[in-house]
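Subject: Structure handover

Hello,

Here is the structure I promised to pass on.

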Amino acid sequence: MGPLAGVKVVEIAGIGPGPFAAMMLADMGADVVRVDRASSVYGGDPAAPPQDVMNRGRRSVAVDLKHPDGVATVLELVGAADALVEGFRPGVMERLGLGPGVCLEQNPRLVYGRMTGWGQDGPMAAMAGHDMNYISIAGVLGAIGRPDERPQPPLNLIGDFGGGGLMLAFGVVCGVLEARTSGQGQVIDAAMVDGSAVLTTFLHGFRAMGIWSDERGANMLDSGAHYYEVYECADGRFLSVGAIEPQFYAILLEKTGLADDPDFARQSDRSMWPALKERLAAVIATRTRDEWAAVFDGTDGCVVPVLGLGEAPEHPHNVARANFVTRDDVVQPAPAPRFSRTAAEIQRPPAHAGQHTDEILAEWAGLDDDAIATRRASGAVA
């Protein structure tokens with residue numbers, strides 16, 4: 001099942017964006033094998049899978065990457081793969097003997113996906129960093145926050161997952177598609193700073209047109225405008241208001257009883273935004289979040305409740321679209337996007353490290369039982 005059925009991917013186990021990219025590929029039907037460290041094998045009941053659902057959909061083979069036969073094992077898997085994804089600092093895979101030169105010699109059609117924060121080159125390439133650092137350099141973090149307050153980190157969703165993991169998955173799919181035409185593989189240099197910068201393309205367009213200020217909280221989409229803001233309700237919970245277009249703004253005013261107020265007719269007058277925000281906040285504070293949600297339900301007012309992670313799976317819209325599923329007693333987001341014919345699905349629960357070592361070595365590398373037993377005895381695999 002899934003649009004990527006038949007695509008085979010080797011994932012060198014890592015953290016954050018690399019595993020997310022591998023999850024996305026697996027959700028779309030790719031056969032992804034995660035190479036875990038042999039030292040991470042501790043056993044585990046297959047009937048009780050780990051709860052780290054970002055590792056769903058893949059099988060696991062445990063390998064000692066510092067053992068010559070362990071490196072040889074990975075190269076055998078590479079020989080059967082369409083793509084490899086890794087998330088080490090630049091140079092690490094080369095030192096392990098698994099750099100792109102070696103892997104592409106083993107499999108000239110291989111798409112070699114590399115996930116880093118700063119990229120494979122540049123003055124910061126060798127430095128450590130995390131999501132917050134990458135989105136700082138990309139100009140993202142400095143744009144998020146309230147006026148006269150520190151920039152507000154947007155969790156680690158932009159650098160790690162939007163600018164990182166999704167870009168890597170996109171790059172791998174593009175590379176695999178091109179390799180089917182050219183017969184040649186290539187290296188995908190996916191950097192979180194690059195991907196985060198790409199996500200700001202529309203903001204740079206707005207700046208060029210003179211409709212975006214670098215001052216935080218002074219723009220239409222960054223909490224500057226009264227009609228694009230989060231408001232506190234009577235019960236201490238919150239309502240998101242995004243009534244940008246005039247026809248949607250009119251519904252916002254109608255439902256809040258402000259339609260006849262001449263001040264609110266000056267929607268685009270930035271000098272009015274602070275005062276209008278205070279007045280709209282006072283109105284919204286008179287009812288609970290769910291009361292307001294009922295008022296705007298089914299309308300084009302662009303007003304909906306702000307839900308917590310635990311509430312989101314129970315919202316009627318998410319329920320109707322099955323946006324969340326429960327697998328092995330763990331509630332998790334369902335695969336996205338959706339396909340009309342080749343439906344994506346969660347292929348299997350997260351695997352224990354090394355859970356499928358024998359299975360993968362036989363299936364991908366063509367090793368018999370004796371050969372597998374020999375590698376296990378040597379410590380090359382676990």
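A helix axis here is a line fitted to C-alpha atoms over the stretch in contact, and angles are taken between N-to-C directions. Please bear in mind that this is a predicted model.

**Helix 1 and helix 6**

Start with helix 1 (residues 17–27) and helix 6 (residues 157–182). Their axes come within 8 Å and cross at roughly 50°. The two helices are therefore oblique to each other. The crossing of helix 1 past helix 6 is right-handed.

Which residues meet? From helix 1, they are Pro 17, Gly 18, Phe 20, Ala 21, Met 24 and Leu 25. Their partners in helix 6 include Phe 161, Gly 164, Leu 168 and Val 172. By class, this contact has 11 nonpolar, three polar and one charged residues.

**The largest pocket**

This pocket holds about 1,000 Å³ of space. It is lined by 33 residues. Nearest the centre of the largest pocket lie Ala 143, Ile 144, Gly 145, Ile 158 and Leu 221. Helix 6, helix 7 (192–199), helix 8 (201–208) and strand 7 (228–232) each give two or more residues to the lining. Helix 8 has the largest share, with four residues. The lining has 16 nonpolar, 10 polar and seven charged residues.

**The second largest pocket**

Here the space is about 880 Å³. Of its 30 lining residues, Phe 20, Met 23, Phe 324, Pro 333 and Ala 334 are the closest to the centre. Helix 1 and helix 6 return here: both give two or more residues to the lining, as do strand 10 (324–327) and strand 11 (330–333). By class, 22 lining residues are nonpolar, four polar and four charged.

Best wishes

Key. Residues numbered from 1 in each chain as written. Predicted model: local features only at pLDDT ≥ 70, side-chain atom pairs only at ≥ 80, totals over all residues. Heavy atoms only, no water. Axes fitted to C-alpha atoms, helices over the stretch in contact; angles between N-to-C directions. Parallel < 35°, antiparallel > 145°, perpendicular 65-115°, else oblique. Left-handed = near helix turned anticlockwise from the far one by under 90°. Contact = heavy atoms within 4.5 Å. Nonpolar A, V, L, I, M, F, W, Y, C, P; charged D, E, K, R; others polar. 1 Å grid on protein atoms, 1.4 Å probe; cavity = no way out; pocket = protein on both sides within 12 Å on 5 of 7 lines; lining within 4 Å. Points joined across faces, edges and corners; volume = space filled by probe spheres on them.
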